[in-house]
Amino acid sequence: VKKRLAMEGGKAWYDLEALKTAIQQAGRSTRSPDDRSVIYICDPQFPVLYSRHRAFLPKSFIESVRFTA
């Protein structure tokens, strides 16, 4: 990870890997259209990553995210 971060584009790669992990974790709790779940991401960095890379996120994930204070 350290070497990859040092490469050109390394920070974007790391950010997208973190977002991919969050999306995969959310998907584990909601398996079918009839399932409902609530997932709390308490990392204060998440809104920054989300807004910075929103264009790369799946539409279904974007439609599901709600930010609260």
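Helices are DSSP runs of at least four residues, numbered from the N terminus. The close-up views below show a predicted model.

**View 1. The largest pocket and its lining.** The largest pocket has a volume of about 800 Å³. Its lining comprises 23 residues, and I39, F61, S64, V65 and R66 lie nearest the centre of the pocket. Two or more lining residues come from each of the elements α2 (10-29), α3 (46-53) and α4 (59-64). Helix α2 gives the most to this lining, with four residues.

**View 2. The largest nonpolar core.** Ten residues make up the largest nonpolar core: L19, A22, A26, F46, L49, Y50, L57, F61, I62 and V65. At least two residues of this core are supplied by each of α2, α3 and α4.

**View 3. The surroundings of L57.** L57 is one of the residues of the largest nonpolar core. When its neighbours within four places in sequence are left aside, L57 is in contact with L19, I23, Y50 and I62.

**View 4. The buried residue D15.** D15 is found in helix α2. Because buried means under 20% relative accessible area, D15, at 2% relative accessibility, counts as buried. The side chain of D15 is joined to that of H53 by a polar contact of 3.0 Å. Not counting residues up to four places away in sequence, D15 touches L49, R52 and H53. Among these, L49 also belongs to the largest nonpolar core.

How values were computed
Residues numbered from 1 in each chain as written. Predicted model: local features only at pLDDT ≥ 70, side-chain atom pairs only at ≥ 80, totals over all residues. Heavy atoms only, no water. 1 Å grid on protein atoms, 1.4 Å probe; cavity = no way out; pocket = protein on both sides within 12 Å on 5 of 7 lines; lining within 4 Å. Points joined across faces, edges and corners; volume = space filled by probe spheres on them. Core = buried A, V, L, I, M, F, W, Y, C linked by side-chain atoms within 4.5 Å. Buried < 20%, exposed > 50% of the residue type's maximum accessible area, 1.4 Å probe, protein only. Contact = heavy atoms within 4.5 Å. Polar contact = N/O pair within 3.5 Å; in protein donor to acceptor, adjacent residues only side chain to side chain.
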